Amino acid sequence: MAKQQVTVPDIGGAEGAEVIELLVAVGDAVEVDQGLCVLESDKASMEIPSSAAGVIVEILVAEGQELAEGAPVAVIDTGAEAEAEPAEPAPADTQPDAAPTAEPAAVPAAAPAATEVASEVVPVPDIGTDDAVELIEIAVSVGDDVSEGDSLVVLESDKASMEVPAPFAGEVVEIRVNEGDQVKQGDELVVLKGAQVVAAPASAPAPAQEEAPAESPAAPAPVAAAVPPATPAVAPAAGGSVYAGPAVRKLAREFGVPLGEVTGTGPRGRVLKEDLHSFVQQRLKAPAAASTSGGAGIPDIPEVDFGQFGEVETTARSKMDKVTASNMQRSWLNVPHVTQYDDADITDLEAFRASMKAEAERRGTKLTPMPFILKACAVALRDNPKFCSSLADGGESLVYKKYMHIGMAVDTPAGLVVPVIRDVDKKSIWELSEEVLAMAAKARDRKLRPVDMQGGCFTVSSLGGIGGTGFTPIVNAPEVGILGVSRADMKPVWNGSEFAPRKMLPLSLSYDHRVINGGDGGRFMSQLVSLLGDIRQIIM
Ligand code: CAO
């Protein structure tokens, strides 16, 4: 029988997505693309699809585990005849007469105990692209002793970033690259001189499952039983270098946090995003402790035992919910918000939309007000470019984005997500309509990838399909503006001689008052109202 290992695909640079749900069990028959488990990162939940049809023979992950791109998820028996395969993919020609094993493991086995490993060049592994990627960090120096799995270098492409781990414990004897180099799969990175591999380090707890020694007779172990995801319990890397992933390093740079001061709580002392958040929160709270009143310190809301007043039920919040909450709070605390309100007269737009209903059905789409609102926003962003900017250099400069990617808040059972519709200014209303539907469906089916939620310049949050006459949206920082759309309703509007029934769409525009002043806000809103009042202007 042929076995295929399913690994985590490109998840758009998300580092450490957590397994929140297993969708299959050993023995289940699965189809290609069927979801095997659900991962949740800071930005999204996503299903990991099966790359093969067959029967699950092993699940290599557990709920709560953090996975990155390339991590093994499950082994599938595809039912196909296995080719006569060599015993092992043999890393080097150094196994003259290795005893044949009954069932080779699906992933490379660990180095055998008590074996001398010779000097070996560590190359760039398969990074999922033929393009060169940037080497952004060398995590070791010549002379460093590293443990297996310690980070040697960090690579970063525009889609993902990854660490290249030491394949075995040893001493770094040569570094063949420099920071900033562009490297490809196979390029030589460092030379490692192998250390004497000892069966079990004295300080490390014995692994839960004893590996059979290499020369033991082929044990008819249950199919590929010993492939736990690699999180060896080893001390942090020697040399005092900070062990953290690229996304964490980037965030630390953005926060201006010296990573060396952050205590890592991840495997092998790795600094996690959560560690960075706690560090920043602690620093924010510190001055409050010293001050008696006022200042930047925010008093905690006391926890109340609600059970004393009646029956209660406590449920755990999803990671996405918690990250959204923290993003909201971060924005709310950092961004001085101003919200400006107006109503757009969409009577004519609604008449036109109604007249297009049959055409929309013919095209297999549904035309809601959203594509028109997105298009009008793109025009207003073009004419009011500050709304398409972000603060940079600690507030010293503004970055103006020349593209018009607009985020659209989508309400899903798993929480609020904001997929980004790219190049709104270049798309037709029909194209936007299809994309709104597709993105909303992807969001609700948890199929959004992190990349689908990146790069937004401005956000639209429409509660029009739900209800309400107005709300104050919170700016999706580092964007500087967000448009809230409420439910359109017929209202009497004075036309100079009488009250006429008009369909009015309530709009609320929140913006970052550090960047946008009232005049900018007023102009943006007036133009939006005018564009939606006469959508012919959208093509001007
Ligand atoms: N006024 C009146 N009716 C409206 C409307 C408005 N402003 N906007 C939409 N509608 C109508 C639509 O035409 C549709 O009517 P029919 O079913 O009769 O055709 C109905 O309401 C449902 O529309 P919709 O919500 O499915 O579609 P949409 O394109 O307007 O919005 C989406 C898509 C994804 C933005 C929306 O479904 C959604 O998730 N909104 C919630 C966003 C949110 O949670 N924001 C708050 C963020 S802060 O917590």
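# Note on the predicted model

1. Arg-502 counts as partly exposed, because its relative accessibility is 25%, a value between the 20% and 50% cut-offs. This is a predicted model, so please read every value here as computed. Arg-502 forms a salt bridge with Asp-345. The closest N and O atoms of this pair are 2.7 Å apart. Look at where the two partners sit. Arg-502 belongs to strand β27 (residues 499-512), and Asp-345 belongs to strand β17 (residues 337-345), so the bridge ties together parts that are 157 residues apart in sequence.

2. **The chain as a whole.** The protein chain has 540 residues, and 36% of them count as buried. It holds eight helices and 27 strands. The chain exposes about 29,500 Å². Carbon and sulfur atoms supply 54% of that area.

3. **Glu-188 and Arg-176.** How many salt bridges are there? The count comes to 21. One of them joins Glu-188 to Arg-176, with the closest N and O atoms 2.4 Å apart. The pair links distant parts of the chain, twelve residues apart. Glu-188 is in strand β16 (residues 188-194). Arg-176 is in the loop between β14 (170-175) and β15 (182-183). Glu-188 is partly exposed, at 40% relative accessibility. Arg-176 is partly exposed as well, at 37%. The pair also belongs to a network of salt bridges that links Glu-174, Arg-176 and Glu-188.

4. **Arg-536 and Asp-534.** These two residues form a salt bridge, and their closest N and O atoms are 2.9 Å apart. Asp-534 counts as partly exposed, at 25%.

5. **A negative patch.** Glu-69, Asp-126, Asp-130 and Asp-131 gather on the surface in a patch of negative charge. Consider Asp-130. Its place is the loop between β9 (120-123) and β10 (133-138). Asp-130 is exposed, with a relative accessible area of 68%.

6. **A nonpolar patch.** Which residues form the nonpolar patch on the surface? They are Val-304, Phe-306, Phe-309 and Val-312. Together they have about 440 Å² of accessible area. Val-304 lies in the loop between α2 (273-290) and α3 (319-334). At 40% relative accessibility, Val-304 is partly exposed.

7. **The loop between α7 and β24.** Start with Asp-452, which lies between α7 (429-444) and β24 (458-462). Why is Asp-452 called buried? Its relative accessibility is 6%, and buried means under 20%. Set aside its neighbours within four places in sequence. Asp-452 is then in contact with Pro-419, Val-420, Met-439, Lys-442 and Lys-447. Next is Met-453, also in the loop between α7 and β24. Met-453 is buried too, at 12% relative accessibility. Met-453 and Ile-406 are 47 residues apart in sequence. In space, C-alpha to C-alpha, the distance between Met-453 and Ile-406 is 9.9 Å. Arg-446 counts as partly exposed, at 22% relative accessibility. Its phi is near 60°, a positive value in a residue other than glycine.

8. **Asp-393.** Here is another backbone angle to check. Asp-393 has a positive phi of about 50°, although it is not a glycine. Where is Asp-393? It lies in the loop between β18 (389-392) and β19 (397-400). Asp-393 is exposed, with a relative accessible area of 57%.

9. **A cis peptide bond.** Go to the bond from Ala-477 to Pro-478. This peptide bond is cis, with omega near 10°. Pro-478 is in the loop between β24 and β25 (481-485).

Terms used
Residues numbered from 1 in each chain as written. Predicted model: local features only at pLDDT ≥ 70, side-chain atom pairs only at ≥ 80, totals over all residues. Heavy atoms only, no water. Helix = DSSP H or I, 4+ residues; strand = E, 2+ residues; numbered from the N terminus. Buried < 20%, exposed > 50% of the residue type's maximum accessible area, 1.4 Å probe, protein only. Contact = heavy atoms within 4.5 Å. Patch = residues over 30% accessible without salt bridge, like charges linked within 9 Å, V, L, I, M, F, W, Y side chains within 5 Å. Areas by Shrake-Rupley, 256 points an atom, 1.4 Å probe, with all protein chains shown as cover. Salt bridge = Lys/Arg side-chain N within 4 Å of Asp/Glu carboxyl O. Lys, Arg positive; Asp, Glu negative; His and termini not counted. Charge placed at Lys NZ, Arg CZ, Asp CG, Glu CD.
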